[in-house]
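These entries record what I looked up in this structure, beginning with the pocket and ending with the ligand.

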Amino acid sequence: MKFFIDTANIEEIKELIPFGIIDGVTTNPSLIAASNRDIFEVLDEICGLVSGPISAEVTATDYNEMIKEAKKLVSISKNIVIKVPLTKDGLKACSELRNKDINVNVTLCFSPSQALIAAKCGASYISPFIGRLDDISHDGMQLIQDIRSIYDNYPEYDTQILAASLRHPNHLVEAALVGADVSTLPPNIIHKLFNHPLTDLGLKSFLDDWAKSKQIINPK
Ligand code: E4P
């Protein structure tokens, strides 16, 4: 499974790069706004840090304007993926951009039928929003499972399932179990993946025993 980081905060990205686990970055208008940076400047900096796909979302809702914005955004770097909302205009833009060999992430997907039409329009990635469905008492993970089954029935679709709006490590585990291709994770969830209280306890007891032995590992 590929891990994307869901942030436009440069320091958060830099902190996780040395682990070698960041395959790409997703941003959205809220995340760019939260960075308090100019969209072009911050995306340019992110593209310099991560060589994988970097999702940059259009903010226009009209097809023609989306295409204009997409052209500006792709000029930042060759690893920019244009993110469009799952609307008629967004999918028309998706089709046009894919014809021009520009990668597209179709975002705000909340149903299997939306995922199916996005694949027909050539989406490179479909982003089902798990947490936002759970928030309204729907089963977000079932959506991923349904999309996986549909896409697997039709190998001619090469749309990757990008599990989005993940709120805790179990969301990631469940997304991996049902076969999402990619998960985009807020940094706080990535940090939680390293932790287990039994690891801490086990390490403490190993080190206590070692201290009692009075040995040292000392390369001479
Ligand atoms: C990523 O592409 C999405 O924009 C993001 O995961 C949304 O997450 P949220 O529902 O926590 O805002």
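I count Ala, Val, Leu, Ile, Met, Phe, Trp, Tyr, Cys and Pro as nonpolar, Asp, Glu, Lys and Arg as charged, and the others, Gly among them, as polar. The model is predicted: local features need pLDDT of at least 70 and side-chain atom pairs pLDDT 80 or more, whereas totals for chains, interfaces and linings use all residues. Residues are numbered from 1 along each chain as its sequence is written, and side-chain values use heavy atoms, without hydrogens and water.

**Pocket.** I took a pocket as an open set of points on a 1 Å grid over the protein atoms alone, where a 1.4 Å probe fits, with protein on both sides within 12 Å along at least five of seven lines; lining residues have an atom within 4 Å of a point. I noted 20 lining residues for the largest pocket, with Asp6, Asn28, Leu31, Phe129 and Arg132 nearest its centre. By class, I find seven nonpolar, eight polar and five charged residues in this lining.

**Ligand.** I find the ligand in the largest pocket (more than half of its atoms lie within 2 Å of the grid points). Its shell divides into two nonpolar, four polar and four charged residues.
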